[in-house]
Amino acid sequence: MHPSSALIIWLAAVLGIQFVGYAGMALLCVGVLLQTPAAAKRWLAYTRRARWLLLTLWLILAFNTPGEAFLDAAWAPTYEGIAEANLQAVRLLAILACLAWVFVRLGHDGMVAGLWGLLQPLRMAGLDVERVVVRLSLVLENLQTSPARGEWRKMLAAEPPVADGRECLHLSLMPWTSRDTLRVVVACAGLMGVVLL
């Protein structure tokens, strides 16, 4: 699979998640895990890293969505808020599953190659594609490693840790095949289907 086509499929899945319910997201997650079982471990790691974000999202939506109070308690979240919070939290989990899939499927070098391929049309608009890809590569590399315990204190104290990053970036470019075109067409058709339904 061409890395750029994998990124297009990932983007279509992430956009499509916004238009489906629990059943659609469950099917998507099962499909991700069946196609790439190694993504399960990374998905759990992403979920663990996003646990405070998930909790914050849930609390904000549950308590700030107007509606009927849970058990008629004035301090409690609303039924509507709980339903919305649950749905958005599951959507975030499904997006993390898709993210785990694309990272396991492509790896760091594949992600960089895919981004490089997708950004090529923007070169005509004057975008320095190489510079953007190198910066995104550094971000992706930084995301792969968990920060050491208490490292945020060093950042706040203006003592950022010195990263040992790559000094040279190699791109392995694959040819775009008719299968890649077919995959992208199916992904876009699926996205259109869930948007229109």
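Predicted model: local features only at pLDDT ≥ 70, side-chain atom pairs only at ≥ 80, totals over all residues.
1. Which residues of helix 8 are buried? They are Asp180, Val184, Ala187 and Leu191. When helix 8 is viewed down its axis, these buried residues fall within an arc of 65°, so they line one face of the helix. An α-helix has 3.6 residues a turn, so residues three or four places apart point the same way. On the face of helix 8 turned away from the buried side are the exposed residues Ser178, Arg179, Leu182, Val185, Val186 and Leu196.

2. Helix 8 comprises 19 residues (178–196), and at 1.5 Å a residue it should span 27 Å. The C-alpha atoms at its ends are 27 Å apart, which agrees with that expectation.

3. Two or more lining residues come from each of helix 1, helix 2 (22–35) and helix 8. Helix 8 gives the most, with 6 residues. Sorted by class, the lining has 11 nonpolar, 3 polar and 1 charged residues.

4. Gly16 belongs to helix 1. Is Gly16 buried or exposed? Its relative accessible area is 9%, and because buried means under 20%, Gly16 is buried. Setting aside neighbours within four places in sequence, Gly16 is in contact with Leu191 and Val194. Gly16 and Gly193 are 177 residues apart along the chain, and their C-alpha atoms are separated by 8.9 Å.

5. Ser172 has a relative accessible area of 58%, and because exposed means over 50%, Ser172 is exposed. Ser172 and Ile95 are 77 residues apart in sequence, and the distance between their C-alpha atoms is 27 Å.

6. Leu54, Leu61 and Ala62 are buried in helix 4. Seen down the axis, these buried residues fall within an arc of 95°, so they line one face of the helix. The face turned away from the buried side carries the exposed residues Trp52, Leu53 and Asn64. The cover over the buried residues of helix 4 includes helix 3 (39–49) and helix 5 (79–119).

7. Most residues other than glycine have a negative phi. Leu71, although not a glycine, has a positive phi of about 55°. Asp72 is likewise a residue other than glycine with a positive phi, near 60°. Leu71 is placed in the loop between helix 4 and helix 5, and Asp72 lies in the loop between helix 4 and helix 5 as well. Leu71 counts as exposed at 63% relative accessibility, and Asp72 is exposed with a relative accessible area of 66%.

Note on methods. Residues numbered from 1 in each chain as written. Heavy atoms only, no water. Helix = DSSP H or I, 4+ residues; strand = E, 2+ residues; numbered from the N terminus. Expected span 1.5 Å × (residues − 1). Buried < 20%, exposed > 50% of the residue type's maximum accessible area, 1.4 Å probe, protein only. Arc of directions from axis to C-beta. Nonpolar A, V, L, I, M, F, W, Y, C, P; charged D, E, K, R; others polar. Contact = heavy atoms within 4.5 Å.
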